[in-house]
Amino acid sequence: MIGGEIGHSLVELKYLKHLDLRGNYFTRIPKFIASLKRLSHLDLPVNGAIPSHLGNLTKLQFLNLESGGGGGGDQLMTADNLEWLSHFPSLRFLKFYGANFTKASLQSFRMPPSLASLELLDCLFPQVDTSFPSYPNSSDSLTSLVMLDNTVHSTTINWLLNSSSNLVGLRLSNFMTGDASHFQLGKLTKLKFLDLDAQMIADNLEWLSHLSSLRHFTLHSSSSTNFAVRYPKIPPSLSSLELSGCQLLEIDILSSFYANSSNSLTTLQLYRNTIHSTVLTWLLNSSANLVNLTLHYNSIHGSLPNSFQKMNSLIHVEISSNDGLGNQIPKSLGNVTNLRKLVLSDINLTGTTPRDLDLGGNQLHGGLILEGDKTFPSLRELDLSYNLLEGFFPICLSRFPKLVILGLTGNRLTGPLPESIGELHNLESLDISSSSLSGVVSEVHFQKLSKLKFLYLSSNNLTLSFNSNWIPPFQLISLSLSSCKLGPQFPSWLHTQLNLSNLFISNSGISGAIPNWFSDLTIKLEYLLLSSNLMNGTFPNFPFTSNLIQVVDLSSNQFHGSIPPSLSNAIGLHLSNNKFSELKSFLCDQKDGATGFLDLSNNLLSGSLPDCWWNLKELGVLILESNELSGVIPGSIGLLYQIAHLNLRNNSFSGSLPSLLKNCTSLEVLDVGGNHLEGEIPTWIGESLTELVFLRLKSNRFLGSIPLNLCNLQLLQIIDLSLNHLSGEIPSCINNYTSMVQVTGDRDNYISVDFHVGSDGMSNSLTTALITWKGVEYTYKEILGLLRIVDLSCNRLIGEIPEELASLAELNQLNLSRNNLSGVIPKKIGMLSKIESLDLSHNKLSGKIPTSFAQVSTLDYLDLSDNQLSGRIPTSTQLQSFNASAYTGNLQLCGQPLTPTCPGDETSEGPMISDESYDDDDSGEWYDMSWLRMGIGAGFAVGFCGVCANLLLNTTWRLAYFRFLDGMGDWLYVIILVKWAKLKRSLST
């Protein structure tokens, strides 16, 4: 971008005809521009008022004026008058982008006589006074009008529409105010191309049938609610119809109104509409010459109509990601004999594949049936990927002699790959990965596939067995054989594949060293995946082309020695779980490496880390965990200004964190746990690294207090400072961790860091972290983003637990164990409504366990042992479910599950929980036993006196009561005698 003023030396170019200054920012447009009399083409950025002296450039045929702010809502270009536009007798093309016309009198605008195309983009317009003539100098030459993203009144649009009766192309999509019902689009009878936002028109499209020359019509709604369309008759010349964001309601297809057909319609595209199936039936029957049919992301009510019987012109059918579509594929689709491409994906179709249609990409299940000699003889692309198809691989694919692309990935096909696949001599792409195929694949399968360029057989139980001297008839561009059996030797036939850009042979049983001839392949490679094999030896310094190689994955092998410098040309470099021992040549010998992702974890790197990290200035993710590195962390790591993820855990680094790390302001993940780092935690972490989401300093020798400015890390989700020598109090500002206090937007399952790739590209990486969860260390990746953890355990912290900590409502785990904390547990601890693991053990906490604990329903792990807590354990559904060990070491604590009762209890029943709020005082019992005793006594007195008084005072009741007792005694006496007699008889027998 050039800024400032346009240099006066431009005047010397007297014969200049074409001047393009777009993409620059000039403070003003000098008057000498008007002296370039021979200019016929001018692209000019304008900041401020449009200079009227541009009207002196009378030979201009092309004029493009763009706002100095580039549009996008920044209308820095203003038009005070438009009279100068009438001075261009030869102007054919005129474009304004980002202009403010609100101060100009549009009635003064005179159309250049030769103007053929007018484009108005992202401009501000005033309302036109409708009392003026509609357009005093209409231009018969204007054939194309484009108005996009303008802020405009309907009267202004109508005023411009009346500027020419010869419009051929019209595009309208604006932020419009006013009423569109008075637009008279039906009078534009010469229109051939019409692209409208639904806001620009009323819902009645009756006028469309008057556009006898119209060939392409696009109607789209940009509002959140679909635009309801009243259907017109299809114009007789219409060849392409595209509708998006519309509501296509049910119609009576038997009505004569919908009986017209347009044999000119060849392309029908429906995107993101709400469609009734009757409308589909009408549209499909409206033309017998339909060539292209596309239905994307619609909500369709009803089944796909069986209307393909006479559509022999169809070549391309794509129906994908539509909701609500019925559960059957119409069989008439199998009669389309000229079909070259059919895609039916993500539309939740069910049922077995019809006999005459064997294409899906949905949830089709059952066997793959390919019967009938006349089924799609012209088919070039067959994609059945990601269905539930099962059974043996079809053996009759030779009936598709023109097949170029065959995709069956992600199904349940079993059995061997038939040798008849080799008869598809036009095949260029074969993808049968991620199935359950087995058996042997040999050179016979490929003997006639000379055009094959893309071969994907990965994730099957296939064994590839080729003669050692086999020369394939094809030249592949992409090859994926991961999880097939290729080994133990490196496949020698690969040396003939000199056009390979993608090679995926991970987990394929290959052992031994990489052959020297492999260098002939690497120069064109973009992706090389050799992970999870048994390869060994040193990895040669093969020539990988900078700005071409994207990913090299050598992880989980047995490579050893030094890492070759040429690998620094790879953007993503995965070298974990090997035996690499030397890093210096890779890091220091290659200048300006392109690597953005580097994983060297679990290798044999030892000694000091080389101090030349400036050579990897694009590095966004660096993982060096679990090596044998020692010494201080080099300061040049702080020159990695793009770094977003730094993982140095489980090494033997010593000294302090380098202060240059404060320059790495994009850091989101910092893990230096498991080292010998010492000194105080740097204050610049909280001052500069404000993007941190994950901070782990565990198992080091940090001392001093926790810096208060760590509270500035509002995005922090996980902080682990455990197993250090920290002292002082827990900062009361801990409630500044916004991500732990409340849900901020949609919560991702993972922690993903973005980093730059090259000059303008971006990539991302999912973070893998070591988390101590409920006392056990686990590796987390997929659900790491759901966790909110504070772990300050095993330090020397003193003072009370701050009340503010109870504000971390999103917290899942809190571990403050093995410190010297004193005072009471915060009364509002129950506000941690999502806490799953709480460990406050081995401190000096005193007082009672807050009753608010009883409100926590998510708690799965609790340890309050070895403190000085007293009183009764609150009764709740969870607190009594923990083992007694969670409460041991608190000598004055009682109640379940620690003890059956508390001292002074007069009943075995436990106390009830009071309804006190979090702010009530915790002193006293949870229930006043005197009220219970008084209630029992009163109840007994009332019951006893009520019964006895009635028996004493009422003679009838008294006699009936005693007769009842006598009868009951006699009945019991007889029953006992009878039972006793039966028992004696049974014993005697």
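The legends below describe close-up views of the cysteines in a predicted model.

**View 1. Disulfides of the whole structure.** A search of the whole structure of this predicted model finds three disulfides.

**View 2. The disulfide of cysteine 588 and cysteine 612.** Cysteine 588 is joined to cysteine 612 by a disulfide, with an S to S distance of 1.7 Å. The torsion about the S-S bond of this pair, cysteine 588 and cysteine 612, is about -50°, and the disulfide is therefore left-handed. Because cysteine 588 belongs to helix α4 (residues 584–588), while cysteine 612 sits in the loop between β44 (606–608) and β45 (621–623), the pair ties together parts that are 24 residues apart in sequence. Cysteine 588 has a relative accessibility of 17% and counts as buried, because buried means under 20% relative accessible area. Cysteine 612 is likewise buried, its relative accessible area being 5%.

**View 3. The disulfide of cysteine 711 and cysteine 733.** A disulfide joins cysteine 711 to cysteine 733, and the S to S distance is 2.0 Å. For cysteine 711 and cysteine 733 the torsion about the S-S bond is about 70°, so this disulfide is right-handed. The pair links distant parts of the chain that are 22 residues apart, with cysteine 711 placed in the loop between β52 (701–704) and β53 (718–720) and cysteine 733 in the loop between β54 (725–728) and α6 (738–741). Cysteine 711 counts as buried, at a relative accessibility of 4%.

**View 4. The disulfide of cysteine 894 and cysteine 902.** The sulfur atoms of cysteine 894 and cysteine 902 are 1.9 Å apart, and the two residues form a disulfide. The torsion about the S-S bond that connects cysteine 894 and cysteine 902 is about 105°, so the disulfide is right-handed. Cysteine 894 and cysteine 902 are both buried.

Key: Residues numbered from 1 in each chain as written. Predicted model: local features only at pLDDT ≥ 70, side-chain atom pairs only at ≥ 80, totals over all residues. Heavy atoms only, no water. Disulfide = S-S within 2.5 Å. Helix = DSSP H or I, 4+ residues; strand = E, 2+ residues; numbered from the N terminus. Buried < 20%, exposed > 50% of the residue type's maximum accessible area, 1.4 Å probe, protein only.
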